[in-house]
Amino acid sequence: MPRHDQRAMVERKTSSAADTGLTRLAVSLRGVTKTYDNGVMALGPFDLAVRKGEFISLLGPSGCGKSTVLRLIAELGAPTSGTVRVARHQAGMQTGQIPPGHGIGFVFQEPTLMPWANIRENVRLPLKLGGIAKAEGRNRADAALASVGLAEFADAYPRELSGGMKMRVSLARALVTDPDILLMDEPFAALDEITRFRLNNDLLALWRSLRKTVIFVTHSVFESVYLSQRVVVMTGRPGRTQADIRIETVEPRGEEFRTSTAYSDYCRRVSAALAPSYSGQSTL
Amino acid sequence: MNAQSPVIARPSGAQRAMRFVLPVIVFAAGLIAWELLVRLRDIPPYVLPAPSVIVLTLIKDWAVLSQSLATTLLTTLEGFAAASIGGIALALLFNQSKWVEYSLFPYAVVLQVTPVIAIAPLLLIYLEQQTAVVVCAFIVAFFPVLSNTTLGLNSVDRNLAGLFQLYGASPQQTLRFLKLPAALPYILGGLRIAGGLSLIGAVVAEIAAGTAGAGSGLAYRIAESGYRLNIPRMFAALLLLSLAGIVIYGVLALVSHLVLRRWHESALGKDN
């Protein structure tokens with residue numbers, strides 16, 4: 001496909017110009033700390049390297065700065081110290097033309113849809129803000145909606161959709177710009193378990209076909225093990241890396257992985273790594 | 001939530017019908033009692049006119065009263081338009097610049113808390129009468145629009161604002177595609193209050209003006225009829241004022257409902 005060739009070209013161009021360390025990395029955080037205005041130190045020092053196309057989960061107790069990491073990567077805030085590097089580019093575009101944020105898709109914990117706009121317009125929003133023509137934007141929005149299985153709901157309003165469907169819309173909106181990096185901040189935390197399982201599978205299928213870099217923040221040990229190639233377990237505030245656990249299994253994963261012994265072994269390991277942060281024996 | 005509402009929140013059909021039938025019954029009963037009281041006790045019309053007399057007066061004096069109604073409605077409309085445009089524009093200005101807000105907001109409050117009945121005579125000295133009356137309607141009505149619009153512009157969902165920031169939205173885009181739509185229910189709520197208030201402002205100013213000059217609005221008719229002990233006409237004018245207020249509120253409520261019905265909670269209860 002010509003679009004992919006073009007992407008590869010852009011990639012080479014940016015990587016030669018930028019830090020060579022980013023050649024195969026999508027995101028790199030070095031010694032990053034974040035202290036909020038109220039003096040609370042939320043993060044760090046924290047290091048993270050995410051390869052291109054990798055699916056990693058950030059797992060940790062509440063307030064450990066998981067969401068802060070995502071916000072820093074999305075440039076929704078600046079680190080207090082340290083460096084955040086993101087390989088930003090978008091398929092079919094020269095680096096100079098990339099509108100801000102378009103290399104990154106963000107999925108919030110809440111669906112965060114505009115209640116006054118229908119589903120198609122909600123998904124089209126990033127393109128509209130990027131100045132892409134209405135007709136093209138609509139086509140791309142419809143395609144993104146189709147990829148999450150909601151093609152026939154384009155004209156509905158958010159209130160007419162269930163929680164799981166709204167989350168899919170939010171995912172479609174994040175995908176509509178065809179970003180390289182997908183940041184997901186506990187996207188399925190508010191959903192019931194059955195809906196979450198289904199969305200987990202859909203997300204995995206999407207990731208396999210689109211090969212985006214995904215950084216997935218979650219509270220759930222099981223979700224992190226099921227979805228990711230790598231689970232980064234964080235300590236309590238200020239968040240640091242407690243453990244970095246690679247999840248290796250037969251790909252593609254399916255429901256049988258959820259019931260396998262390998263799965264429960266990984267869950268045990270990840271839980272054990274998480275234990276110090278809630279049993280009070282912090283390693284700090 | 002939707003699944004539960006038929007059981008808990010939604011009144012049954014009979015209950016809903018009662019909401020319309022009961023007030024009508026009370027109204028009719030009140031009118032009949034009033035009419036009987038006046039007739040049985042032989043109360044003269046200059047003390048308390050019977051409802052039938054009021055209606056007859058309304059028909060008999062329609063030429064005068066309709067003219068006055070038009071005058072008052074025009075004043076109200078002008079005051080309302082000025083208040084809507086002024087209130088929304090000022091709120092947008094406040095939202096764009098904190099300095100402007102800090103500089104001007106206290107004066108908006110002062111204007112709001114000073115009773116308009118006390119300002120009206122002054123305005124009538126300095127301004128032409130018709131202008132003074134419109135300004136009074138504006139002063140009374142603009143504050144709810146201003147404060148509601150400000151509240152609305154500040155009630156934008158934090159994550160949505162973050163999303164706009166992520167995609168590099170310009171301030172104009174954020175205002176047009178995020179802040180104004182998010183504020184719309186609040187703005188419409190402000191306008192609904194302002195509609196009734198601009199009528200009150202117009203009436204207050206007309207009464208103040210009525211003693212000073214040659215007014216012709218409904219409130220002036222009420223004052224004038226009072227001096228002439230033409231009590232039935234007072235009631236007839238009052239009836240028209242009430243009806244005007246109800247119609248203004250109804251129209252604004254309908255507009256609000258039509259604009260918001262696709263998405264906002266406040267408009268969903270009725271047709272869903």
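Me: Which residue just after α2(A) takes a positive phi of about 60°?
Reply: This is a predicted model, in which local features need pLDDT of at least 70, side-chain atom pairs count only at pLDDT 80 or more, and totals for chains, interfaces and linings use all residues. Residues are numbered from 1 along each chain as its sequence is written, while chains are lettered from A and ligands numbered from 1 in the order in which they are written. Helices (H or I, at least four residues) and strands (E, at least two) are DSSP runs, numbered from the N terminus. Just after α2(A), the residue with that positive phi is A:Glu75.

Me: How many of the eight residues of helix α2 of chain A are buried?
Reply: A residue is buried if 20 or more other C-beta atoms lie within 10 Å of its own, exposed if 12 or fewer, and partly exposed in between, with C-beta atoms placed from the backbone. In α2(A), the buried residues include A:Lys66, A:Val69 and A:Ile73. The helix, residues 66-73, is mostly covered, and its count of buried residues is seven.

Me: Why is A:Leu203 buried?
Reply: A:Leu203 lies in helix α6 (residues 193-210) of chain A. A:Leu203 counts as buried because of the number of other C-beta atoms within 10 Å, which is 23.

Me: What is the bridge partner of A:Val32 in β2(A)?
Reply: Strands β1 (residues 25-35) and β2 (residues 41-51) of chain A run antiparallel and are joined by seven bridges. Two strands pair if DSSP finds at least two bridges between them. In β2(A), A:Val32 has as its partner A:Phe46.

Me: At what angle do the axes of helix α3 and helix α6 of chain B cross?
Reply: Axes are lines fitted to C-alpha atoms, for helices over the stretch in contact, and angles run from 0 to 180 degrees between N-to-C directions. The axes of α3 (residues 62-96) and α6 (residues 129-153) of chain B come within 7 Å. They cross at roughly 35°.

Me: Which helix gives the most to the side of chain B that touches chain A?
Reply: Two residues are in contact if their C-beta atoms, placed from the backbone, lie within 7 Å. On this basis, 16 residues of chain B are in contact with 18 residues of chain A. Helices α7 (158-166) and α8 (171-210) of chain B each supply at least two residues of that side of chain B. With seven residues, the helix that gives the most is α7(B).
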